[in-house]
Amino acid sequence: MKIVLQNLTKKFPGRSKKLRTDVVAVDHFSFEIPDGTLVGLLGPSGCGKSTTLNLICGLEQPTSGKIFFGDEDVTKLPPEHRGVGMVFQNYALYPHLTVKQNILFPLQNLKGKEKLSKEEMDRRTAQAAALVQIDGLMDRKPGELSGGQQQRVAIARALVKMPRVLLLDEPLSNLDARLRLQTREEIRKIQRATGITTVFVTHDQDEAMSISDWIVVMKDGVIQQTGRPQEVYDEPVNLFVARFLGTPPINILHGTIKDGRLYIGQEAVLDTPALADQEVTVGIRPEGFIPDENGPLTCALRRVEVMGRDISIISAHEACEDSCIRAIVHAENSVDTSSETVRFSLRTNKLFLFDRTSENRIEWRQQ
Ligand code: ADP
Ligand code: MG
């Protein structure tokens with residue numbers, strides 16, 4: 001089921017008499033979610049991710065704009081008629097019911113012509129449980145399950161009605177690191193197996209990058225960029241997106257364009273013949289540095305951390321916004337740790353320039 005979000009806006013009225021300005025939680029949001037894909041909705045806390053999800057499932061009504069499932073306009077349709085399965089951050093299982101009863105619950109509530117026979121309900125419950133691999137735990141109560149297992153029960157409960165659309169709101173944030181990795185792999189597998197169009201909300205860029213077919217990066221209710229995860233990482237449209245994606249994060253330095261060259265501090269590091277003289281913000285990914293004794297950028301060497309396959313070179317530069325620059329290079333590179341400085345040449349496809357005011361990306365590479 002393709003989902004089309006058309007110019008969606010959601011305003012919440014200002015809460016107090018003093019603060020009358022509305023909160024614009026979602027601001028002219030337009031995006032088409034292709035059928036059968038998993039879209040990761042990514043952004044910092046408070047940027048409007050949950051509100052967007054609530055609009056898709058019908059728990060909130062948009063202030064303006066429309067939502068289509070396929071060709072059907074569902075904007076005014078109540079949630080129970082949208083065919084949406086939703087999983088929240090806190091699994092919200094019924095503690096006094098067994099796993100089986102929890103999964104069965106949404107089916108028992110079906111009315112009228114949607115009502116199912118007992119056999120059909122049991123069949124679907126067993127199928128959903130098998131899909132998330134909790135079929136061995138059907139008689140337990142939620143209190144007797146680990147966090148990861150509880151979350152899987154919640155996913156089974158969302159799948160049992162065979163929804164057209166699956167919506168997951170930060171479903172992994174209550175799990176510990178290892179379970180989070182494992183469960184996100186499982187969600188990906190389940191999504192592939194069922195082909196259900198899925199929207200996955202997270203503030204964790206690593207999570208979104210690893211499981212999404214497409215990502216949508218949001219800030220203050222506004223879409224910043226959409227695309228394949230790798231595309232967005234490789235070609236960020238602005239400083240916010242560049243900073244938000246990637247661990248360790250991108251290194252940010254002050255730069256100056258003068259006479260067709262980019263200067264960092266006193267050193268000319270790059271030819272930028274097409275650009276006018278100006279101050280710029282320079283972003284360099286950790287993998288954009290190549291240790292090179294004849295390289296154009298000189299930094300003060302702080303320390304070298306060996307991390308198995310890679311080494312991390314920590315250095316400092318007066319033009320850097322943060323206290324240090326982190327470069328990640330293959331362990332076969334050797335760095336003279338007794339030296340006070342380290343010199344780098346730069347990978348041009350890992351170096352981005354941004355306008356100082358608008359923070360939009362400035363294209364400097366020649367076509
Ligand atoms: P996220 O899920 O990305 O953390 P939300 O969608 O929950 O963000 O919230 C987006 C913005 O809308 C926030 O500023 C939040 O305070 C505000 N907001 C969300 N729900 C309501 C509400 N019911 N009433 C007023 N403001 C709200
Ligand atoms: Mg939220």
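Let me start with the open sheet of five strands, whose order is 15-19-16-17-18 and whose pairing is antiparallel. This is a predicted model, so please hear everything that follows as computed from that prediction. At the edges of this sheet are strand 15, residues 289-291, and strand 18, residues 325-330, each of which pairs on one side only. From one strand to the next the twist averages 50°. Within the sheet, strand 16, residues 297-307, and strand 17, residues 310-316, pair antiparallel over seven bridges, and if you want one pair to look for on the screen, V304 has I313 of strand 17 as its bridge partner.

Strand 19, residues 341-346, gives the most to its lining, with three residues, and among the lining residues are T341, V342 and R343, together with P291, D292, E293 and L301. By class, the lining of this second pocket has four nonpolar, four polar and four charged residues.

Now to strand 20, residues 351-355. How much of this strand is buried? Four of its five residues are, so strand 20 is largely enclosed by the rest of the structure. Strand 20 pairs with strand 14, residues 278-284, in the antiparallel sense over five bridges, and it is joined to strand 21, residues 361-362, by two bridges, again antiparallel.

After helix 1 comes G58, whose phi is positive, near 95°.

In helix 2, the buried residues are V99, N102, I103, L104, P106 and L107, and what covers them includes helix 3, residues 118-131, and helix 4. In general, an α-helix has 3.6 residues a turn, so residues three or four places apart point the same way. In the loop between strand 6 and helix 2 we find T98. Is T98 buried or exposed? Its relative accessible area is 14%, and because buried means under 20%, T98 counts as buried. Leaving aside residues up to four places away in sequence, T98 touches M138, D139, R140 and K141.

That brings me to the largest pocket, which holds about 870 Å³ of space. It is lined by 28 residues, and those nearest its centre are E80, V84, G85, P106 and K161. Strand 6 (84-87), helix 2 (99-108) and helix 4 (147-159) are the elements that give two or more residues to this lining, with the largest share, four residues, coming from strand 6. By class, the lining of the largest pocket has 17 nonpolar, four polar and seven charged residues.

How values were computed
Residues are numbered from 1 along each chain as its sequence is written. Chains are lettered from A and ligands numbered from 1 in the order in which they are written. This is a predicted model: local features need pLDDT of at least 70, side-chain atom pairs count only at pLDDT 80 or more; totals for chains, interfaces and linings use all residues. Side-chain values use heavy atoms; hydrogens and water are left out. On a 1 Å grid over the protein atoms alone, a cavity is a set of points where a 1.4 Å probe fits but cannot get out, and a pocket is an open set with protein on both sides within 12 Å along at least five of seven lines; lining residues have an atom within 4 Å of a point. Grid points are joined across faces, edges and corners, and a volume is the space filled by probe spheres set on the points. Ala, Val, Leu, Ile, Met, Phe, Trp, Tyr, Cys and Pro count as nonpolar, Asp, Glu, Lys and Arg as charged, and the others, Gly among them, as polar. Buried means under 20% relative accessible area, exposed over 50%, partly exposed in between (1.4 Å probe, protein chains only). Contact means heavy atoms within 4.5 Å. Two strands pair if DSSP finds at least two bridges between them. Axes are lines fitted to C-alpha atoms, for helices over the stretch in contact, and angles run from 0 to 180 degrees between N-to-C directions.
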